[in-house]
Amino acid sequence: MRNERLLDRRTFLAGTMVLAGAPLWSCGASARVPTFAAYPFQLGVASGDPTADGVVLWTRLAPLPLAGGGMPAEPVPVRWEIAQDERFTIIARRGEAVALPEFAHSVHVEVDGLQPARWYWYRFHVGAEVSAVGRTRTLPAAATLPERFRFAFVSCQNFEQGLFTAYEHLAKEELELVIHLGDYIYEYAGKDNLVRKHQGPECTTLDGYRTRYAQYKQDPALQAMHAAVPWLVTADDHEFDNNCASLISEEAGVTPQVFAARRAAAYQAFYEHMPLRRAALPKNGDMLLFRRVQAGRLADFHVLDTRQYRSDQPCGDHNKPQCAEALSSDQTMLGSAQREWLLAGLGGSQAGWNVLAQQVMMGRVDRKPGEGVAYCMDQWPGYEMERRQLLRFFHERKVPNPVVLTGDIHTNWANELIADFDDLGGRVVASEFVGTSISSSGNGTAEPKDLARILADNPFVKFHNAERGYVRCEITPATWRSDYRTVPFVNRPGAPLTTRASFIIESGDPRLQKA
């Protein structure tokens, strides 16, 4: 593998400067409109990271998506516009950006000056070509308390293992935001005899990761979901490499230097294909993904990164009793900078609800039925002291209504988080909703075979299911509602949608109540 060269940050920022509301500027001889071999907007459009007065608009020029993109190695001017109506009769903002070859001719437009809590429509132009129209929405103003806020969270969409049918249903929901908790792509080499097949070998280079994102983004259901509502995204492991921990590979013999080169390529491709702000632009192989998004005074969303800064999985990884290393105060999931940022944000929050959007399960679930215990070392039980610190902080600092959202494990769970998991009858300090996969692991089952024993050994687990789907949430000042929406199969089209379980949390009481 090779260490792909990253564009100088200053050059990139200058090249993607947006003149919102100003006359279009000429790019001169350095940026001309090329002749395209095919339609250049085949990867669709997207929006994300909304605020009360703005949003990020995204697209990528790729007339030949699976053949390197099919673009010339030169900058290309791209015009954009965002309107108050679907017919674009009332233009709110417009401008021009430059799609740079160093970033796969992707475009990230940070629009501001919009009105809070309202829908907008946007599109891109390059030469005579026009993109599909996307719809986006700004968040409520900081001083307001909305009557309700509706969103869904998703994760784990393995292209090979199933169709993205859940997105077909999700696009019909009345939502203001989608949160993707990671595993947007899978890096593995293509395999035969599955529902679909990855193109190419395992991703290790920038070109490999770019092609994989292009293959995923051509999925019609995924494109339609991106065009329907803004997304808030973070990464887990498969955007880079399975079970990665900082610069430590799960495979023996991979040096940190080699792994760092691969991660630089993976993070650059992730940035190129996500509606992320310039603050997330990879720098020296690192990427700033933890951030806070506020829905007025109703909710603070604390988006976490539990891969880039963590210690190696302890005890040899996998499901095991906690060894001394798992119980060490030096073991960290978040890293010191992210942990302090999170605690400061939680401690100072004035929002009615505090939402942690993160990757791996926080509940200490015993996965060994009957005698003995086994906890997943890739999840928070492998980082026990930091997990306890966070749960104590919820309680001692009286953090308003903490709720943890989790992906990663391709199954649904509803957990009550206890201050001391050695006392299973102890005080509940928060709740955790774990969402299943969109398609990863293929067709699921409504009731896992060990369900009764799992529930008996873990009384804080109030629901467990192994179908595919998503979790729909509605927040009001008084209550939180989560609906587990599932499909019974993903190996063929046409799966119906079912609500398998619903839970209510009342403000001031973190216990889960069956709806």
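Is C315 buried or exposed? In this predicted model, C315 has a relative accessibility of 16% and therefore counts as buried, whereas C323, at 26% relative accessibility, counts as partly exposed. These two residues are joined to one another, for C315 and C323 form a disulfide in which the sulfur atoms are 2.0 Å apart. A search of the whole structure finds 1 disulfide. The torsion about the S-S bond of C315 and C323 is about -85°, so the disulfide is left-handed. Two further cysteines can be described alongside this bond. C156 takes part in no disulfide, and the nearest cysteine sulfur, which belongs to C376, is 13 Å away; with a relative accessible area of 0%, C156 is buried. C376 is likewise in no disulfide, the nearest cysteine sulfur being that of C315 at 11 Å, and at 15% relative accessibility C376 counts as buried.

The aromatic residues were examined next. A pair of aromatic rings is described by the distance of the centres and the angle of the planes. The structure holds 26 aromatic pairs. One of these is formed by F240 and Y267, whose rings are 6.5 Å apart from centre to centre, with 65° between the planes; because an angle over 60 degrees counts as edge-to-face, the pair of F240 and Y267 is assigned to that class. F240 lies in the loop between strand 11 (231-233) and helix 5 (256-273), while Y267 lies in helix 5, so the pair ties together parts that are 27 residues apart in sequence. Both members of the pair, F240 and Y267, are buried.

A second aromatic pair is made by W353 and W480, with 5.8 Å between the ring centres and 55° between the planes, and this pair is tilted. W353 belongs to strand 15 (residues 353-357) and W480 to strand 22 (residues 479-487), and the pair thus links distant parts of the chain, 127 residues apart. W353 counts as buried because its relative accessibility is 0%, and W480, also at 0% relative accessibility, counts as buried too. Both tryptophans belong to one aromatic cluster, which is formed by F149, F151, F301, W353, F433, F463, W480, Y484 and F503.

R492, in turn, lies over the face of F489, where the distance to the ring centre is 3.7 Å.

Rolling a probe the size of a water molecule over the atoms shows where empty space is left. A search of the whole structure finds 4 cavities of 30 Å³ or more, and the largest cavity holds about 40 Å³ of space. The lining of this largest cavity consists of R135, L170, A171, E173, L175, M225, A228 and V229. When these lining residues are divided by type, 6 are nonpolar, none is polar and 2 are charged; R135 and E173 are the charged residues, because Arg and Glu count as charged.

How values were computed. Residues are numbered from 1 along each chain as its sequence is written. This is a predicted model: local features need pLDDT of at least 70, side-chain atom pairs count only at pLDDT 80 or more; totals for chains, interfaces and linings use all residues. Side-chain values use heavy atoms; hydrogens and water are left out. Rings of Phe, Tyr and Trp (its six-membered ring) pair if their centres lie within 6.5 Å; planes under 30 degrees apart count as stacked, over 60 as edge-to-face and the rest as tilted. Helices (H or I, at least four residues) and strands (E, at least two) are DSSP runs, numbered from the N terminus. Buried means under 20% relative accessible area, exposed over 50%, partly exposed in between (1.4 Å probe, protein chains only). A charge sits over a ring if NZ of Lys or CZ of Arg is within 6 Å of the ring centre and within 35 degrees of the ring normal. On a 1 Å grid over the protein atoms alone, a cavity is a set of points where a 1.4 Å probe fits but cannot get out, and a pocket is an open set with protein on both sides within 12 Å along at least five of seven lines; lining residues have an atom within 4 Å of a point. Grid points are joined across faces, edges and corners, and a volume is the space filled by probe spheres set on the points. A disulfide is a pair of cysteine sulfur atoms within 2.5 Å.
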